[in-house]
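Open the model in your viewer and keep the selection tool at hand. Each stop below gives a selection and what to look for.

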Amino acid sequence: MKYQIKTAEKDGKRTIFDILRQKYVALTPEEWVRQNFVHFMITQKGYPKGLLANEVELKVGSKRLRCDTLLYTRELRPQMIVEYKAPTVQLQQKTFDQISVYNLLLHVDYLVVSNGVQHYCCKMDYERQCYTFLKDFPSYDSL
């Protein structure tokens, strides 16, 4: 499916319109993956645009981290963390380690990593202290 992704040139640099932040941002390979995945979540999987946020800052002491995309519940509790990498970056253990650090702070139900080519989604089970990889990325209604 094609999405209405807008790109532009600004000061000699390519930019892409972020529909969540409502502004043009630098068009990097990772940003291309983010924008396509967010459009996929909204248009094909039914995720409410108003419950998604990009580049969410987290603070751990004096250290600042940024989640690529967060999905919130209707009560505004973080529910899903999505971490993106460029298509040329293999999804390895350090990607999962990175998203796990964010989850120590947020305690979400779902963790997702994508490089635009491969996507992994796992559902957390805190009671049993484990997680399950899902075969397909869930629709919003199935969460």
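**Stop 1: Phe 137**

Select Phe 137. Leaving out residues up to four places away in sequence, Phe 137 touches Phe 37, Phe 40, Met 41, Lys 45, Tyr 47, Met 80, Val 112 and Cys 121; contact means heavy atoms within 4.5 Å. Phe 137 sits in the segment after S9. Helices (H or I, at least four residues) and strands (E, at least two) are DSSP runs, numbered from the N terminus. Phe 137 is buried, at a relative accessible area of 12%. Buried means under 20% relative accessible area, exposed over 50%, and partly exposed in between, with a 1.4 Å probe and protein chains only.

Phe 137 and Lys 45 are 92 residues apart along the chain, and their C-alpha atoms are separated by 8.3 Å.

Two notes before moving on. This is a predicted model, in which local features need pLDDT of at least 70 and side-chain atom pairs count only at pLDDT 80 or more, while totals for chains, interfaces and linings use all residues. Residues are numbered from 1 along each chain as its sequence is written, and side-chain values use heavy atoms, with hydrogens and water left out.

**Stop 2: the whole chain**

Zoom out and colour by secondary structure. The protein has two helices and nine strands. From the N terminus on, the order is β-β-β-α-β-β-β-α-β-β-β. The radius of gyration is 15 Å, close to the 15 Å that the globule rule gives for 143 residues, so the protein is as compact as a globular protein of that length. That radius is taken over C-alpha atoms, and the rule is 2.2 Å times the number of residues to the power 0.38.

Draw a box along the principal axes: the C-alpha atoms fill roughly 50 × 35 × 30 Å. Of the 143 residues, 43% count as buried. Among contacts between residues at least 6 apart in sequence, 44% join residues at least 24 apart.

**Stop 3: the nonpolar cores**

Which residues have the most contacts inside the largest nonpolar core? Select Met 41, Tyr 47, Met 80 and Phe 137; the core has 19 residues. Helix H1 (29–43), strand S6 (78–84) and S7 each supply at least two residues of this core. H1 gives the largest share, four residues. A nonpolar core is a set of buried Ala, Val, Leu, Ile, Met, Phe, Trp, Tyr and Cys residues joined through side-chain atoms within 4.5 Å.

Centre on Met 41. Leaving aside neighbours within four places in sequence, Met 41 is in contact with Gly 46, Tyr 47, Leu 52, Met 80, Val 82 and Phe 137. Apart from this core lies another, of 17 residues, among them Leu 70, Phe 96, Leu 106 and Cys 122.

**Stop 4: the largest pocket**

Select Phe 96, Ser 100, Leu 111, Met 124 and Tyr 131. Of the 17 residues lining the largest pocket, these lie nearest its centre. On a 1 Å grid over the protein atoms alone, a pocket is an open set of points where a 1.4 Å probe fits, with protein on both sides within 12 Å along at least five of seven lines; lining residues have an atom within 4 Å of a point.

About 250 Å³ of space lies in this pocket. Grid points are joined across faces, edges and corners, and a volume is the space filled by probe spheres set on the points.

Show helix H2 (93–106), strand S7 (110–114), strand S8 (119–125) and strand S9 (130–133): each supplies at least two lining residues. H2 gives the largest share, seven residues.

**Stop 5**

Select Lys 85, in the loop between S6 and H2. Is Lys 85 buried or exposed? Lys 85 counts as buried, at 16% relative accessibility. Beyond four places in sequence, Lys 85 touches Glu 30, Val 33, Leu 91, Thr 95, Gln 98, Ser 114 and Asn 115.

Next, Thr 15, in strand S2 (residues 13–18). Thr 15 is buried, with a relative accessible area of 8%.

**Stop 6: two positive phi values**

Select Gln 22, in the loop between S2 and strand S3 (23–26). Gln 22 has a positive phi of about 55° although it is not a glycine. Gln 22 is partly exposed, at 48%.

Finish at His 107, in the loop between H2 and S7. Phi of His 107 is near 55°, a positive value in a residue other than glycine. His 107 counts as partly exposed, at 45% relative accessibility.
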